[in-house]
Amino acid sequence: MTFFLIVPSVMIVSILLINGILSRLGLKISYGALALGAVLSLLVDLGAMALSPEPNQDYFFRLFGLIFLASVVVTVLNYFLTKKAPVEISPPVQEIEVPKQIEPPKTEAEQLTKKFADKSAVKFFKAKTFAQDDETLDEILDRADSEKKRGNLSAAISAYKKALEVYSNDDYAPFVAIDLGNIYKEQAAYTNAIKIYERALNLPAVKKNFTTKTEFQKNLVYLRTVHLVLLKHDALSTPFSKIPKDYLQEIETEFQAAQSNFKKL
């Protein structure tokens with residue numbers, strides 16, 4: 001009796017396990033075929049016991065034959081059941097092309113204002129025209145930057161001067177003047193920095209843009225104020241980054257006064 005209960009239980013568990021495995025593999029199995037398998041498992045058990053009551057070698061041979069026959073019947077039934085089942089086909093999803101939003105073109109003033117805010121953005125505007133020695137503006141500036149990082153400021157100054165001479169008509173020329181002026185400031189060569197800013201006011205990219213020109217004029221007034229304050233304190237050899245705080249405060253006060261006088265004019 002115990003053996004009679006164990007066999008159907010094992011077959012039912014096996015059928016459920018098979019169903020789970022097939023589902024994970026994406027294969028279909030009908031519930032009707034599963035029910036038939038459960039019924040056949042019981043019939044196989046009864047048939048095996050009727051043919052050979054004792055669990056001897058002959059019994060297991062006949063049990064295997066009945067199980068194989070039941071498996072074939074379940075497989076055939078499942079084939080016809082799944083074949084008749086309608087297959088739902090999802091309609092293809094039509095891709096809708098969203099038109100790209102076209103931004104209005106920026107004015108030249110807006111473009112140059114952004115250049116002052118983010119200097120790295122203006123690298124896009126560097127000229128690719130070749131000089132007489134076939135050195136582009138990019139190459140000259142890269143060389144100047146490398147020399148500056150190595151501490152060879154004289155070579156960096158020469159490279160920046162060459163960039164201003166050869167590519168003075170380029171939109172990036174004002175920023176070359178700024179870089180050169182910054183080197184002079186750190187060398188405490190304020191007279192040279194002032195000359196560079198005076199020269200920058202005549203650059204085409206500065207002259208044609210009011211915002212850029214105003215910024216250079218402000219910086220020029222500030223540099224002249226720095227020079228006068230340091231001269232008064234006999235400290236012209238002080239690099240810009242090392243100017244004492246009290247001197248900087250005095251420079252700021254003098255600069256604001258100079259700005260007010262400039263606006264009145």
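Good morning. Please bear in mind throughout that the model is a predicted one.

Glu135 sits in the loop between helix H4, residues 108-117, and helix H5. Is Glu135 buried or exposed? At a relative accessibility of 13%, Glu135 counts as buried, because the cut-off for that class is under 20%. Arg143, by contrast, is partly exposed, with a relative accessible area of 33%. The contact between these two side chains also qualifies as a salt bridge, at 3.0 Å from N to O. The side chain of Glu135 has a further polar contact, of 2.7 Å, with the side chain of Lys162.

I turn now to the other salt bridges. How many salt bridges does the count come to? The count comes to seven. One of them links Asp145 with Lys149, whose closest N and O atoms are 3.3 Å apart. Both residues belong to helix H5, where they are four residues apart, or about one turn of the helix. As a general point, an α-helix has 3.6 residues a turn, so residues three or four places apart point the same way. Asp145 is partly exposed, at 28% relative accessible area, whereas Lys149 is exposed, at 67%.

Another salt bridge brings together the side chains of Lys232 and Glu250, at 2.3 Å from N to O. Lys232 lies in helix H10, residues 210-232, and Glu250 in helix H11, residues 245-264, so this pair ties together parts that are 18 residues apart in sequence. Lys232 is exposed, with a relative accessible area of 55%. To return to my opening residue, salt bridges with shared partners join Glu135, Arg143 and Lys162 into one network.

Next, helix H6, which covers residues 153-166. Which residues of H6 are buried? They are Ala156, Ile157, Ala159, Tyr160, Ala163 and Leu164. Viewed down the axis of H6, these buried residues fall within an arc of 165 degrees, and they therefore line one face of the helix. On the face turned away from that buried side are the exposed residues Ser154 and Glu165. The cover over the buried residues of H6 includes helix H5 (137-149), helix H7 (173-186) and helix H8 (190-200).

My last topic is the aromatic residues. The structure holds four aromatic pairs. In one of these, Tyr172 and Phe175, the ring centres are 5.6 Å apart and the planes stand at 35 degrees, so the pair is tilted. Tyr172 and Phe175 are both buried. Tyr197 and Phe216 make up a tilted pair as well, with 5.5 Å from centre to centre and 50 degrees between the planes. Where do Tyr197 and Phe216 lie? Tyr197 is in helix H8 and Phe216 in helix H10, 19 residues apart, and the pair thus links distant parts of the chain. Tyr197 is buried, with a relative accessible area of 5%, and Phe216 is buried too, at 1%. Finally, Tyr222, Phe240 and Phe255 form one aromatic cluster.

Thank you for your attention.

How values were computed
Residues are numbered from 1 along each chain as its sequence is written. This is a predicted model: local features need pLDDT of at least 70, side-chain atom pairs count only at pLDDT 80 or more; totals for chains, interfaces and linings use all residues. Side-chain values use heavy atoms; hydrogens and water are left out. Buried means under 20% relative accessible area, exposed over 50%, partly exposed in between (1.4 Å probe, protein chains only). Helices (H or I, at least four residues) and strands (E, at least two) are DSSP runs, numbered from the N terminus. The arc is that of the directions from the helix axis to the C-beta atoms. Contact means heavy atoms within 4.5 Å. A salt bridge is a side-chain nitrogen of Lys or Arg within 4 Å of a carboxyl oxygen of Asp or Glu. A polar contact is a pair of N or O atoms within 3.5 Å; within protein, one must be able to donate a hydrogen and the other to accept it, and residues adjacent in sequence count only if both atoms are side-chain atoms. Rings of Phe, Tyr and Trp (its six-membered ring) pair if their centres lie within 6.5 Å; planes under 30 degrees apart count as stacked, over 60 as edge-to-face and the rest as tilted.
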